[in-house]
Amino acid sequence: MVKAKYYLGIAVVAIAAFFGISRNTEAKDSNGDYVVIVDAGHGGIDGGAASFGKNEDVLNWNIACALKAELETYAGVRVYFTRGSAEWNTNTARGRMGKMLSADLFVSCHNNSSTDNSVRGVSVYGTIAPQFKSKMQTLASSVCEKIAALGITNRGYMCRPDDVDPSVDYYTALAEAAKCNIPGIIIEHVFLSNSQDSAWINTNENQIKCGVSDATAIASYLGLSKRGVAPGESIVLHRTYSAHIVNGGDSFTSSNNKVAYVNSQGIITAVGTGSAEIKCNGKVIKVTVPEVKMMGIAAGLNPTFYDGDSVKAFDKSKIIVKAVYSDGSVKQITSGYTVGSITKVSEAYAYDIPIKYNGFSCNLRLYNNGAYGSYSDNHAVNGTNADILKYPVVYNGINTGIAIKTGNGMNVTVPAIAVEQTPTEPPTEPPTEAPTQPPTETPAATEAVTTEAETSSQSEAEVTMGTSEMETKVLSEEKKDNKSDNKVKIYVLIAAIILMVGIIVTLFLLIKNRKSGGGDE
């Protein structure tokens, strides 16, 4: 009988493991929350593609901020940026930043450009890494559908292998994230080279709607519910995070807008450290906002790819070190960090350089299998970083009808509203700098870049991509990947059959023992 129970236990564990690995992702941080890295493409002196309005880096930043603000209205997720508003970061560093934070997903916000001004619409690139490709295709398609619902042409899901090594992504950020076991997507919201697309995205309202749509698709993919709180309850909110008031009436006031702000829709947003009371429906909601703390550091260097042993002569003065904080903000560090010795790692052509700052450490990744390039000033900070605090808003048709869960288990949905509303700023704005932030560098001149955003995994240089060529590669790669996906499905089916056989055998042994009157051995 003991043997039978033993076999049954193994079968149960195997089943649990099987269904566990079939989840979209695995929550990895210490609190069990999903961790999402949000990357606002370009930045600093790299303006990205030009448009009939703002440059791409500004549009990317605005969309990313809206994405972050909306995603932070959901429970069970933490969100971090890869750069400050006035900063740039290497594509390698962006992709690898999630490693220190145990990230579950990397999302890069961009806008596209083409030499053909008639091309328009949203497209989303997913990593070609076989362990993530199918899942990222699902997420990418969902994002495209959400953006298309706003009136944008849906160009759909795409992927692109590297020209030199087809086994990895062409796009450095996706390739490096995959190497860190992090699935990733790049969202190209519209074509700035198209006058209609560009005019549409250059309105504040539509930039926010894009970010909200992105976040809604991501939250659905992760299976998240909105964070809620009912009158009479207490809640702890990290700065920039929000919660919906459930059954709180239609009138809300905060005892301290510098700590917690509540808008007319009953969404509480954490503004600064301290405690505040939200009055609603004759009752009080107590809100506590913890102090903003440093969570870690990340580092990059341009160029990342060198020609042969020249990698060992890297310029320490050009290293870009970022401090990451609990509210998701990122600030570039200009001094006080230490640089260790360059070390060859197991990955072919790869080298790591240990960086330490304020009790935190990370590795800066370099490669010696690419064309060596000259250093530029893209590590310079272009102005003063803006505060990342944004106030979420409910848009009818985008983020309404989504489940809200409170601490006491109450489950309602985000109500629809008659008229779309723009975010309302609170009466008193908090300081733009998070506590204990390092100083920023001297502003540098802005340099407009008109070429497309992303870079090959073989070079950090800017490139221009032909749309038709890109799509042809995607179709051919999809055929190859479909074969890989089919193989995975076969393996999963075989595993499921083995598990079922194990269960049947175990049940047979239990029945046989009972019929024979067998006892414990």
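Tutor: The discussion below concerns a predicted model and takes up its sheet, a helix pair and its nonpolar cores.

Student: What makes S4 and S6 paired strands?

Tutor: Pairing requires at least two bridges between two strands. Strand S4 (residues 122-126) and strand S6 (residues 184-191) are joined by 4 bridges, so they pair, and they run antiparallel. In one of these bridges, Gly 126 has Ile 185 of S6 as its partner.

Student: Why are S2 and S5 called edge strands?

Tutor: The open sheet has 6 strands in the order S2-S1-S3-S6-S4-S5, with mixed pairing. Strand S2 (77-81) and strand S5 (154-158) each pair on one side only, and are therefore the edge strands.

Student: How do you know that H4 and H7 touch, and which residues make the contact?

Tutor: Contact means heavy atoms within 4.5 Å. Residues that make this contact include Leu 139 and Val 143 of H4 and Ala 217 and Tyr 221 of H7. The axes of the two helices come within 9 Å and cross at roughly 145°, in a right-handed crossing. The contact residues divide into 8 nonpolar, 3 polar and 3 charged.

Student: What makes Ile 285 a member of a nonpolar core?

Tutor: Core members are buried nonpolar residues joined through side-chain atoms within 4.5 Å, and buried means under 20% relative accessible area. Ile 285 belongs to the largest core, of 94 residues, and is among those with the most contacts inside it. Among the residues that Ile 285 touches are Ile 245 and Ile 268. A second, separate core of 21 residues includes Tyr 325 and Leu 364.

Definitions and conventions:
Residues are numbered from 1 along each chain as its sequence is written. This is a predicted model: local features need pLDDT of at least 70, side-chain atom pairs count only at pLDDT 80 or more; totals for chains, interfaces and linings use all residues. Side-chain values use heavy atoms; hydrogens and water are left out. Buried means under 20% relative accessible area, exposed over 50%, partly exposed in between (1.4 Å probe, protein chains only). Axes are lines fitted to C-alpha atoms, for helices over the stretch in contact, and angles run from 0 to 180 degrees between N-to-C directions. A crossing is left-handed if the near helix is turned anticlockwise from the far one by less than a right angle, and right-handed if clockwise. Ala, Val, Leu, Ile, Met, Phe, Trp, Tyr, Cys and Pro count as nonpolar, Asp, Glu, Lys and Arg as charged, and the others, Gly among them, as polar. Lists of a residue's contacts leave out its neighbours within four places in sequence.
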